[in-house]
Amino acid sequence: MISFRNVRKSYGKHDVLLDCSFHLSQGERLGIIGVNGSGKSTIFRLLLGLDHPDQGQISVPKNLRFGYLPQDVLQFTGKTVLEQVMDVAGDVLAIEKELAQLAVKLAGPLSEQESMAAAARQSRLLEEYHLLGGYQLESTARRVLAGLGFSQQDMTRPVEEMSGGWAMRVALARLLLSEPDVLLLDEPTNHLDLDSLLWLEEYLRTIPSTLMVISHDRAFLDRISQRLLEVENGQVTSYPGNYQRYLEEKEKHLQAQWAAYRQQQEQIRQINRFIDRNRARKDRARQVQARLKTLDKMERIQPPSSPLEFSFRFPPPPRAPRVLLELRDICKSYGEVVVYRHLNVAVQRGDRFALIGPNGAGKTTLLRLMAGVLAPESGQVHLSRGVVIGYFAQQQLELLNPQHTVLESLSSVAGDMAHGQLRSLLGAFLFRGHDVEKRVAVLSGGERSRLLLCHLLAQQTNLLILDEPTNHLDINGRRVLEQALQGYSGSICFVSHDRRFINAVANKIMVVNHGRVETFPGNFDDYEEIWKKRLQPAQSAMESRPTRVQDASAQKKSKKRKQLEANWRNELYRLKAPLTQKLDDIEKQIDAAALRLEELSTLLAAPETYHNGGSVQELSREYQHLKGNLEKWNEQWEKTALELEALEEFFWEQKQRETAD
């Protein structure tokens with residue numbers, strides 16, 4: 001389907017791709033991995049024709065439709081979220097417009113010839129509309145947006161109100177809806193919470209598009225990849241299977257490469273030994289010359305690049321008290337949006353909390369409250385004596401001194417850490433050789449993130465608070481950070497959507513959702529396999545609740561409180577029942593209408609239908625009538641869904657006022 005043959009690409013004196021070859025078959029799901037700057041995005045740019053190879057050939061079938069999601073934040077204006085997503089199906093919308101014009105034309109006075117011509121055109125358009133999935137366009141768009149975390153209210157908001165991360169989700173939804181022949185995704189998981197990430201994994205496994213995805217998320221690559229391309233030192237190597245299989249095959253590949261290298265080195269040593277022994281002997285001159293030619297013609301095997309080794313050790317943190325940090329009866333709002341009310345959280349010695357939950361649930365707010373960079377409206381943040389906090393967030397990058405070199409920047413916060421230890425830590429985070437002399441001002445966003453992490457690891461802290469520390473880190477960088485935190489004897493609270501990272505570091509999961517905070521022992525896999533199933537019944541009654549109100553931790557709830565909440569859920573279920581039933585009825589009507597429309601499209605597209613003019617007109621009238629009803633039912637569905645959300649919001653606000661009183 002697509003092939004690279006001996007492709008070379010350089011930017012100035014920097015060689016990015018050297019004699020690279022690979023192919024991509026129709027329907028394959030291909031993951032692309034490699035360190036930052038290795039040339040992964042360059043492959044995408046070459047495929048899209050945004051850049052051109054210096055040498056070699058790229059073969060792409062004619063009329064192949066590409067869909068591309070870049071890393072850069074995209075800007076949209078002038079439409080609602082739903083309209084922006086549906087706008088990608090321009091052909092479908094154009095057909096809808098022309099069909100509406102034809103319906104008006106066919107209802108008016110026409111000659112028999114004009115009527116037959118209009119009906120024939122309508123027939124062709126209906127067939128094309130059916131093939132393009134026009135009847136399911138809006139419902140599919142809503143399903144995709146819901147999977148990516150948009151509420152029904154969000155779908156009707158102006159798209160320019162969306163933040164950068166949500167705008168990227170809109171762009172991703174447009175791509176998924178368009179179903180291109182080849183889907184190119186450059187780090188699509190960066191802006192997704194875990195629920196949306198899990199949904200995207202399942203969706204990508206079912207679509208017919210050929211997929212190429214650049215990602216540093218190892219669990220994501222495990223789930224969606226059928227083959228991996230590793231871009232390393234300008235070369236591209238293909239490995240069968242997912243990421244776990246890649247690790248196994250990579251190890252075999254390295255062992256084979258080392259064996260071939262050692263065998264060749266031994267052969268070279270023996271040839272050189274023969275030459276040295278016999279160079280002065282005239283009777284062996286011919287053999288010596290033959291061996292010199294052998295050495296000259298020999299294609300030298302390079303030794304494998306050394307795998308990244310981590311050798312840094314944390315300085316011992318100060319002795320921490322049993323309870324390091326407590327949030328007591330915290331209330332926090334942003335305008336009219338209540339994030340937390342009466343929040344109580346404690347971090348104890350040895351706790352390694354991973355905070356998970358949907359975007360907007362309050363995870364970053366909770367970390368900022370813990371770190372003391374955000375003040376609550378009421379309540380108390382109690383930091384025990386002797387606790388030293390190290391805080392990482394993307395906003396902290398601006399605090400780095402741009403005039404310092406990398407080494408000077410780290411040295412300024414590392415106390416009496418030895419020069420060799422500083423270089424060891426920087427080397428572990430890929431600042432090696434002359435890189436340590438770079439000015440902070442010229443570092444990329446990813447390099448600044450790595451430097452800021454070095455700052456934290458070099459300081460003598462006993463509580464680390466980390467907000468998305470794996471962003472901008474490639475797979476090697478994530479491994480290094482995992483190993484560093486595994487060897488850290490202090491406490492940690494962090495947010496990450498990298499499941500492997502969470503599994504490696506966390507010993508407790510803190511679920512943040514709708515203003516509620518509940519904690520569970522174990523890592524992410526433990527939460528998914530054990531605790532989530534127990535949590536779902538309680539969450540299902542509150543999943544659409546937009547006001548986030550904090551109750552006490554589940555472990556501390558009294559039996560009376562649990563019974564009260566159970567009664568509330570039962571009451572809400574009874575209140576929701578009429579609207580829920582109405583939604584079900586409307587969905588059945590929509591499904592039946594869509595099915596009948598497809599049947600009518602097939603009939604109107606059949607040539608034999610036009611042998612009977614009366615039949616054509618009757619079918620056309622039924623089609624237009626049903627099309628109008630479908631639009632009304634879609635509007636009723638949206639209105640009812642919004643009523644349901646408003647009911648739940650009002651219900652929970654009322655209950656919280658009752659308990660507060």
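Which residue forms a salt bridge with Lys-250?

1. Lys-250 pairs with Glu-230, and their closest N and O atoms are 2.8 Å apart. A salt bridge here is a side-chain nitrogen of Lys or Arg within 4 Å of a carboxyl oxygen of Asp or Glu. The pair links distant parts of the chain, 20 residues apart: Lys-250 is in helix 10 (residues 243–278) and Glu-230 in strand 8 (residues 227–232). Helices (H or I, at least four residues) and strands (E, at least two) are DSSP runs numbered from the N terminus. Lys-250 counts as buried at 13% relative accessibility, and Glu-230 counts as buried at 9%. Buried means under 20% relative accessible area, exposed over 50%, and partly exposed in between (1.4 Å probe, protein chains only).

2. On the source: this is a predicted model, in which local features need pLDDT of at least 70 and side-chain atom pairs count only at pLDDT 80 or more, while totals for chains, interfaces and linings use all residues. Residues are numbered from 1 along each chain as its sequence is written, and side-chain values use heavy atoms, with hydrogens and water left out.

3. The salt-bridge rule gives a count of 28. One of them joins the side chains of Glu-202 and Arg-223 at 2.2 Å, N to O. Glu-202 lies in helix 8 (residues 194–204) and Arg-223 in helix 9 (residues 218–224), so this pair ties together parts that are 21 residues apart in sequence. Glu-202 is partly exposed at 38% relative accessibility, and Arg-223 is partly exposed at 29%. Both belong to a network of salt bridges that also links Glu-201, Asp-217 and Arg-499.

4. Within helix 10, Lys-252 and Glu-249 lie three residues apart, about one turn of the helix. Their side chains meet in a salt bridge at 3.8 Å, N to O. Lys-252 counts as exposed, at 52% relative accessibility.

5. Asp-584, Asp-585, Glu-587 and Asp-591 gather in a patch of negative charge on the surface. Such a patch is made of residues with over 30% relative accessible area and no salt bridge, with like charges joined within 9 Å. Asp-585 sits in helix 19 (residues 559–605) and is partly exposed, with a relative accessible area of 36%.

6. Helix 15 (residues 445–458) has 14 residues and reaches 20 Å from its first C-alpha to its last, close to the 20 Å expected at 1.5 Å a residue. The expected span is 1.5 Å times one less than the number of residues. Helix 15 is mostly covered, with 13 of its 14 residues buried.

Note on methods
Patch = residues over 30% accessible without salt bridge, like charges linked within 9 Å, V, L, I, M, F, W, Y side chains within 5 Å. Areas by Shrake-Rupley, 256 points an atom, 1.4 Å probe, with all protein chains shown as cover. Lys, Arg positive; Asp, Glu negative; His and termini not counted. Charge placed at Lys NZ, Arg CZ, Asp CG, Glu CD.
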